[in-house]
Each structure stands twice: as structure tokens, then as C-alpha cells.
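Biologist: I have not seen this structure before. Could you take me through its salt bridges, one at a time?

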Amino acid sequence: IFQFQKIHVADFRLDARISHHCRRDISSLCSPPDTLFDFGFLEFSEKLGSKDGLVLQCLKLKQLELKSHACSREVHRLVRTTVDSLKLSAPLRNACQPDARRLCRSADDEEDEDEDEDEDEDDEEEDGKDDKDDEEDEDSDDEAGDAHDGNMFTHGQHDALMCLHHKRRNVSDACKAELFKQEIIKSQDVDYNPALRESCASEIQELCKGQPHDGSVISCLERHVADGGASVTSKCKYAVISFAAEMSQDFRLIPAMRQECQADISRLCGNLTAFGPGTGRVTFGGRVIHCLRQKREIVRAPKCRAAVDLTSRLAAQNIRTDRRAVLACRNDLRKFCPNIRAGDGRAWECLSKREGELTLMCSVLVREHQRIAASSVNYDGAVRSQCSAEIASFCGDVAPGNAAVLECLRTHVTEPGFGPACKTVTIARIASGLANWRLDHRMHQACKADAASRCGHV
């Protein structure tokens, strides 16, 4: 079956159902294929990937744009059965197989050695090249990944793909590009992510049943986690946060942002996207998402605003889902917060208490987080986790936004039934606003024009 699949992924015409049901979508979305896959970071080149399987790859990448329901169903079937295999995507195989053999196979592993001789004429040349360091892959998990020995990844194509992701700093530019496209494909549906699907099986049935195959199930799970995760098991919460952390490296890995935010990104963050992610880079390193969060109040498209809001709420809950902060504050977290358990805004709280000792960029991002958190408890993981009972009891009819809930908590802080944990964090927020007028959201909104004109020298 595997050999049969491997042959068929080279040309959409060899898959009878795709060929039949997707004819119109291929004509409108995937013709000609050689102009559709650079994503702003890698020009098309036959030598880098060949045209094998590019139409199928186009259908996978543009699954959310397909007009035919039957075609969408067949592409969903194709992705679900091939997404975790290096050799069941022809462009991925062509671009990454030399790197897989160089980085992910033991000397005595003979798997598939003979069957692919005709595809690997350039292997010797590749094997002789020095590893190329790529500064782009700033993922905090890479250090642990690079410590893995290649011999661990010799038990199948899923393992080879995992190995390439772990070692992607050392793979060719062509392979980096194809790995990123594979991540885009996987981001579109929970069915393409077995670990997430299995960890959250009960939540998907109980909380997200009936959602369409357009990333909605993933967004549903993320919303429940962002709301505090009371109805989500710890296993599912961990899987959702891990998935969101991976997706936070680039807006194109978040389906709602990729579909709904293009106009706002061009208007608000065009300086970041005009020339692609940058020389030698594949992703934007969380920069575009960070830009949208900073300018969330002037995002126009409602669905884009909702997507930005969701990523902001997740980041408030767990710093791992804020790629910019993870990169900038990695050393500060190790130094000042080594025993802090992630979640419920604890990492942000820890960093905030040591703000004067933080590295420059981390300090800037912590202050940004504080200003965003001051605007709504939705963006303040510590208040949401410590004050959930008080919010329900005293402020249940108060809509979040414009610091309304925090103002409500402030007026009730001395009343009976107000818990000590919530009292502590509420008083801390009041003190922060007194010490820094920018952290008193209502004062900042009312006075920022006057502050700029009358106190600009301060």
C-alpha cells in the first residue's frame, strides 16, 4: 500500500478521485503550479524540488479555498493518510530526502536504500557539504531537539519527518521551505495532528462537535483553553498549548489569520511582509502576529480581530504561545523563573516582578504585555485564574474590555467573600496603575493625547 501511495503522490492524475472531483479547483487555483509555491521566501526551481506532486501540494495548501465539497473531501482524505510521511509528498521527498539521509539515518540502516537510487543522484554532493547554520529557526525546543542522535529516527517515515523538524537548522533551504509548507497543511485541521486529536478526543466530542474542517475544531479547543480551561483536561490543555506554540512562529500557520488578515497585515504590518521573512529565513518568527497584537484595536476585519484576540488570550495564559517573548525572554526565564510552572500567566507574573533586571528586549515585551493586560482581564492570565470565582460572583454582568472587569473587582475588593488570592492580584494591579499611568488603562485612554502634548518632555 505504501509503495502504491508513493507512486500516486507524484501526479494528481494517478489518483482517480482527485482527478475527477478536483478538476475545476485545479484549473482555477493550481495552474500553472510553478508560480504558486514560493510564499515569498524561495523562488521555484526544478532543481530544488521538481514539479512532481506540485498540483497535489497546491490542493493541500489551498484546501480552505476549494469550491467543490467533493474535492475538499478527497483532499482531506489524502492529507490525513499522507501528512506524517516524508515519502508521501513528492515535493517534500525531493527536497528533504538528502537531508534525511545525512542527518536522520544510522550507518547500518538499509531502509529504502535501493528503491530510491534514481532519485538521489546528488546525495554524495549533499553529504559533502558543511551544515548550514540558519538563524531563523529560533524555536526554543530546537536545543533539545538537536541533542537527539540521528540513530533515534530510523524506524519509519514519521520518525524521519520528526528528525528533520528537530534538525531543521541544518537542512537545506529547499527542505526548510517544504517543511514549512507541511506545517501549513497540518495547521488546517485537527485530523492532521494525531497527538492533538488523541489528547483532546473527549473535548472534541463534547465541546467542538460538528465544527467544519477549516481549523474550527482547533480554534474551538484554543478558546476553551484561553478561557481558563476549566472544561479541558490537563492532557488536552498541554497538547493545545504545544500546538499553539508551534503555530505562533508565523501567521500563515493560523488558518483564520491566513484567510482573514491579509488586508490588515498589508495595511498595518506591511513593513514586515513586503520582502518576505528575510534572507535565509522561512518564517516571520512571530513578528507579524506580534504586530497585529500591538495594533489590535485598529484591525478592521472582524474575523481577523477575533483571531488576533484568541492568540492574545492564549499568550496571556501561557507565554509559550508568544513566540517573540519566548525568544527574547528565554535566558531571563531560566535565570529568574526556573521553577515556575507554565500556565495561568505565572511566567508573565514572575518576569514582571523582576522587570528592572531583565534583558532589554524582554523588558520591552513584558511592559507591552502589562499594557495589553491592563485593558482587559481576557489578556491577564493571572487575574483570570486567581479571580474566576470573584468575577462570576461580583462581576458576572460586566462585559470584558476597557478594564471594566478590573474596575469591578477593585470596587468589591474589601467585601466579604473576596478570596485572598484574588485580593492580592487585584491590589497588585491597582498598585501598578498608580506607579505607571500607562498601566491604568482608563487613565491612559483619557489622557494620552494630553500627555503627548503637555508632558512629552517627561
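Modeller: Helices here are DSSP runs of at least four residues, numbered from the N terminus. The model is predicted.

Biologist: How many helices and how many strands are in the chain?

Modeller: The chain has 458 residues, and 50% of them count as buried. As for its elements, there are zero strands, and the helices number 28.

Biologist: How many salt bridges does a search of the whole structure find?

Modeller: Side chains of opposite charge can pair when their charged atoms come close. For a salt bridge, the cut-off between nitrogen and carboxyl oxygen is 4 Å. Searching the whole structure gives a total of 25.

Biologist: Which helix holds both aspartate 99 and arginine 102?

Modeller: The side chains of these two, aspartate 99 and arginine 102, meet in a salt bridge, with 2.5 Å from N to O. They are three residues apart, about one turn of the helix, and the helix, residues 90–103, is α7.

Biologist: Is aspartate 99 buried or exposed?

Modeller: Buried means under 20% relative accessible area. Aspartate 99 has 1%, so aspartate 99 is buried.

Biologist: Where does aspartate 322 lie, the partner of arginine 293?

Modeller: Arginine 293 and aspartate 322 form a salt bridge, their closest N and O atoms being 3.3 Å apart. The pair links distant parts of the chain, 29 residues apart. Arginine 293 is in helix α19 (residues 287–294), while aspartate 322 is in the loop between α20 (302–317) and α21 (323–336).

Biologist: What is the relative accessible area of aspartate 322?

Modeller: Arginine 293 counts as buried, at 7% relative accessibility. Aspartate 322 is buried too, and its relative accessible area is 10%.

Biologist: Why are aspartate 309 and arginine 313 separated by about one helical turn?

Modeller: The side chains of aspartate 309 and arginine 313 meet in a salt bridge of 3.4 Å, N to O. Aspartate 309 is partly exposed at 21% relative accessibility, whereas arginine 313 is buried at 10%. The separation is about one helical turn because the two residues are four residues apart in helix α20.

Biologist: Which residues are linked in a network of salt bridges?

Modeller: The pairs above were taken one by one. A network of salt bridges links Asp15, Arg17, Arg73, Glu74 and Arg77.

Biologist: What share of the contacts with a separation of 6 or more comes from residues 24 or more positions apart?

Modeller: A contact means heavy atoms within 4.5 Å. Among contacts in the chain with a separation of 6 or more, residues 24 or more positions apart account for 66%.

Terms used: Residues numbered from 1 in each chain as written. Predicted model: local features only at pLDDT ≥ 70, side-chain atom pairs only at ≥ 80, totals over all residues. Heavy atoms only, no water. Buried < 20%, exposed > 50% of the residue type's maximum accessible area, 1.4 Å probe, protein only.
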